[in-house]
Amino acid sequence: MVSRRNFFVITLIMLLVLFLFQFSEFIKDFYNDYDTNVYASSDRSLTQTSVVRPVSESDKIAASEDGYAVFIGNAADTASPAKRTVQQWCTYSKMNMLSVGSPEEYTPDTKHMPEVVFVDSNQIDFSRSASALSGIANSGVTMIFCSLPEPSVIEASEELRNILGISSVKQNKAQLKGIKLFGGFLVGGEKWYIANNEKEEKYQDMQLEVPWYILKSGTKVYMAGVLDEGRYGEVNNELQPCIIWRYRTDKTCVFAINGDYGQDNTGLGIYTAMMYEAKDYDIYPVVNSQNIIAINYPSFSSENDEQMKKRYSRSSTETLRDIIWPNLSGLINHFNAKMTYMVTPQNNYQDESYPKQEEIEYYFKLFRENGDEAGWAAYNLQDATLRQKIVADYDTFYRTVPNYKFMSMYVNENSREKTMSLLKTALLKDVRTVVFDYEKDTQMFSYLSNQVMELRTTNDGLDYTFMKDFKNRSLQTALGYSSITLDMTDVLFPEEDSPEWGRKYEDFATNLAEYLDCYSAFDKNTVSETDSRVRHFLAADYTEKREDNSIKVHIENYKENVYFILRTHGESIADITGGSWKKIEDDAYLILAGDENLSITLKPDNTLYYYR
Amino acid sequence: MSMTMLTIMQIAGIFALYSLVTIALPALIFHKKVADKRPLEQFMVYFVIGNFFIMHIVFLLQLLHISNRITLILFTVIPGLIVYIRNYDGNMADHILRWLQVLHKAVFGIMGRKTFTKKLIRAAVAGLKRLIRKFAGFVRHNLFESLAFVLLFVCLLWVYGDNYVSYYGYSFSDLPVHNYWINAMCDGDIYVAGVYPFGFHCIIYYFYEVFGIDTYVLLRVFGFTQMIYIFFMLLAFIKGICKSRYAAYAGCLVYAGYDIFNLECTRRYLGTLPQEFGMVFILPAIYFAIRFFETRKKELALPEKIKGMSDSSWYLTGYALSFGMTIAVHFYDTMIAGIFCVAIAIGFIFRFFNIKYLGRILVAVIAAVMIGVLPMGVAFATGTPLQGSLNWGMNVMQGKGSGDSTTSADVNSQSEEKKTVQDEKQTGTAPDGSIGQADSASTQSTQQAAGSKSGSSTQNKKLSLSKKLYGAYNSIKAGLKLNVLRFDMEFFLPALLAVVAFAAVMGLLMFVLKQTDYGAILISVAVMTLCMLVLVSAKMLGLPELMDANRSRIYFAYLLTVIACVAVDALCSVWFLITKKEWIMNLLSLAAVVGVVIFGFQMNLIRRPFSTGRLETNGAITCLTNIIKDNEDNTWTIVSANDELRMIYGHGYHYEPITFIHLNESKRDNKSIYIDTKYVYFYIEKRPIDYLHPYEGSGQMVSLAGAGKDTPIGSGISVYFGENRWIVMSKMYYWAQKFMKLYPNEMKVYYEDDEFVCYRLEQNMYSLFNLAID
């Protein structure tokens, strides 16, 4: 028999336990103001007008003391892909840019030498211009060949070969098995783009047919092809076809890209890395933001239940909540990241299934707990117009989370005008960031309007290829930025042969690791946070100077945190004032400028253990 | 940490380890067996056993090709433990069981970790306290002797220590060869360059393998430990044969601290060289031989036959081991030990030919020779040829060879080795490769003296015996002046002969006074001194030169200390025999020590620290030490001339600059030089050192003029001699400057001082740089 006294004590303890558990949950729930967006910034000071734009007029460049780049190969009417890339690079590097049509039109200003001369080989007649190029190269300026002319042109011109450090043309076209990207060039280290098995074959989309040049001594190779041994026999590493290299003599420092890698946004990081290689250190501003965006997830109405039950033995909402959410949130936690969910309350606006309030509340609470953000996805599968969708969604959100300001939205169409008209609606009036899909020759960041920023995603999380990996490394090097999407439409409304979520999740997790693992030093943010970083990045200008071991950086238009990447050759940071730093990898550091003046003291990596 | 501090720590560490292995461990095992012996005798016993054991364990394992760290440790520990357990007086099983119980408790958590640690510390502290108490008691009872000992030690530190901490590189060109041979032992090839006395190499190899100390570090600094033990052994020996307490200190202080001998008599103490290492086994052999004669007599006088091994047999065993080790280390040491043995045979002639002594002696000598020769004999019999220097040594003994050694051979090739020896002969440098000018000068002078001697030899036939003797006297005197003495001392030879005569007379007197053993020792030492005088003057006297005078003078100076001490001791002993008071004898010998010190200071005879030339800059060794510490093994290459070739064994790779320059200057199209390691270090002497061969431009900096000269032709070490080195270094320097312009971020200065610069090139292993640039 239990005595009354014991019975009382047991009951009391049980009540206490119940209280402790319930109380914490209650408090968590009570204080979860899920219907507000914590990332909604009230700061409206950085707008389109704040962007530092490169000067392109020659007289202004001559008058200014700022560094500038020269682009040779300026086509008369339209900008070539290379020029567009270089322009974009100059914007992000805060460098003025002078464009000239041909080498003959440009004479280096010995009093104010450019930082770099870009040469768009596609726009130059080398039979006439080789001597002029040679003269520019001998002036001591760093030259970057965004692409190379045809092998026959190179073979015919000894002068051109001497500029490029090419000893001879071995073959006009060599078939590669793969490509090796060597460490120390792009941030993220070494990567071999060689398919070793059938699974990897589907990743191979690098440019595998390239001219084969034998290089002179004095060259350093950053990316090289790997020949098929069965076809070419055993070829020494040093004689394999080279893709990116540097050739240096007493007077010249020339970089060459044997392929199309410098013709689009992939070139941004390559040019940045080349500038680093040309100097004894390089410091440049970056965004420092990594996004992961889930598109069309979650959905709050129970749609397509029949197919979902067939695939997952659950209704649509149950599948999203019980299978997909734990997977996704666990994965995002694993990467210490934050997710931006571009939600769509419902996908079919013609049926009788409406968004459920409890689902919306449930997810928005989870977003808040995890530090995630909700945005709005502007596409639907059915034939409702966007206008109808906006009205319906506004109604839904107004009823459930009336105070939640949507600061970001995702648009799957590249129509700026249409997007602009959407932004005037009540639902989207607070939107400051519009996310578009990646396009290789469109700027990564730009303003849609004075207030609204346009961000480009960088990679589809379900689609990994070698070229996309290379592009990711390049963009990370140049901008410290990536934006990886996970489009859930095919999960919610799968085609017959579409893989199930488990397979997709596996692919997504693997690809995410490929894209992000080397860049753990960069911050993981939501889209709104990234927007803020990009605005500061575009608005800030800087000057830097090295005195002995100290690098002094002065930031103009400094508002708040501006990030830089410092890359050195065998030096590390001893001390920093006016900011803080994190190591990305050997010789690469992420620096946060907490003040408009930053001072970085360097020390050699290899200090002697024993000295005389 | 500074290299000087590191070197001091290395010296101290190696001295401690060597003492631990060769003194402390044998002492732990055998201390009860020799408890009734004098401390100096205990020291000799431990030292001989320790070295013999290590040397022959390595020999054995090498010949079986199973030599590595594990086998060496096992073969050291297991026999040691077996002997220790057998010699243990108490109940060893109980003792082990007690400790096993403690261990069991600790392992199974019955005893806490803290308690276990405390127990261990307490046991260690108790042992240490016991040791300190014993040591303090020893010092208290031997205060003056301890002070004299400290004085001698400080003197040695002062005179010889400076060179070790001031010059980090090898000072003798033999060392890369020895380094190479020891490296080959790591690959199980003990006779890589032919049959050679490998005792010294076995010891160095043992410390490399067991304790993981790099061979190049051992060869740099082990010489200090070696030198200390040479002096300790001299001191112990003299104390062992003398009656007075302090006479030995007086002699050793003069030898160590007086600046009266030619620097070449002691210069080799600044290096880690086999001949000098072998010197430590000469005197124990002699001491054990003397003790045999003394003890055997007493044993024969006993009415009953001794059961088991008698003391005299043990002494004879000690003699055989020591003598065998001189063979195993260096034949010159054997020759000196042999000469001293002959002298003892003469001193103890009244016993030597007695069958009760002679039979045992013959067995011991045969055993000693077998011990020393057998490992080499086995190798020779199985087809391994003799190493070049052995042939040379034999030729010298047969009067066919010159006075130069072949051991300063080129480390790169056997053929080059011969060329080097020829070069040395032509230029008259020191036979050991040391670059002392005094040495070459003295050699030339010696040869001149010998020439004048031979020129007048026909006339001598007609001269009377007294004139012949007078001529010989003058020749010896001139030879001593040139080879042995630091400055002209007219009285030296007469004084030496007087001391020898005094010792001999005193020896005879001791026979009369029934101090037979002591008398025999005096006579033996006197005879030995005369023999050494003849040996060092053999060339002067027109006798076959058994040993190059450059080497024999080292032994001569060393053993002069013995006769000097013995003479002082004999003088003190007379007073003892007259007064029968030991304290008077000791007081007199102490007065001799004090007198030596005061006289030295008053006459300004105190020796300053001295140094020998160097074959490598300090910067190069500093760099090498850093490179080994900085990088993973086998990820780097050093391009250098040239000692690093052997020093970096097991750590990295080496590339010859001359090969580099030849390839770079090649007229071929598409010439290329690839060095396939991640890091390449270029060693360049901005002020090239004189590697054995000074030339008229010695000491000049690298220059464009040097770089513009024709590249020396050939390979091996000759291309780094004299002016060639300057040309090679100049070319390398300007190549490096040019290359650094092309690869400013990849090639950087790793280390630089006034005379040396090291560049470090970092490469991508999958796309190496073509180092061939115009």
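Where in chain B is B:Gly714 found? Select it and you land in the loop between α29 (704–708) and α30 (722–742) of chain B. Helices here are DSSP runs of H or I with at least four residues, strands are runs of E with at least two, and both are numbered from the N terminus.

Before moving on, some housekeeping. This is a predicted model, where local features need pLDDT of at least 70 and side-chain atom pairs count only at pLDDT 80 or more, while totals for chains, interfaces and linings use all residues. Residues are numbered from 1 along each chain as its sequence is written, chains are lettered from A and ligands numbered from 1 in the order in which they are written, and side-chain values use heavy atoms, with hydrogens and water left out.

Stay on B:Gly714 and show what surrounds it. B:Gly714 touches B:Ile658, B:His662 and B:Val719, leaving aside residues up to four places away in sequence; contact means heavy atoms within 4.5 Å. Its relative accessible area is 35%, so B:Gly714 is partly exposed (buried is under 20%, exposed over 50%, partly exposed in between, with a 1.4 Å probe and protein chains only). Now draw a line to B:Cys341: the two C-alpha atoms are separated by 48 Å, and the residues are 373 apart along the chain.

Next, select the cysteines. A disulfide is a covalent bond between the sulfur atoms of two cysteines. Counting pairs of cysteine sulfur atoms within 2.5 Å, there are 0 disulfides over all chains.

Now pick A:Asp393, in helix α13 (residues 386–400) of chain A. With a relative accessible area of 0%, A:Asp393 is buried. Its side chain makes a polar contact with that of A:Trp376 at 2.8 Å. (A polar contact is a pair of N or O atoms within 3.5 Å; within protein, one must be able to donate a hydrogen and the other to accept it, and residues adjacent in sequence count only if both atoms are side-chain atoms.) Among the residues A:Asp393 touches are A:Pro345, A:Tyr349 and A:Leu427.

Finally, zoom out to chain A, with its 18 helices and 28 strands. Buried residues make up 57% of its 612 residues.
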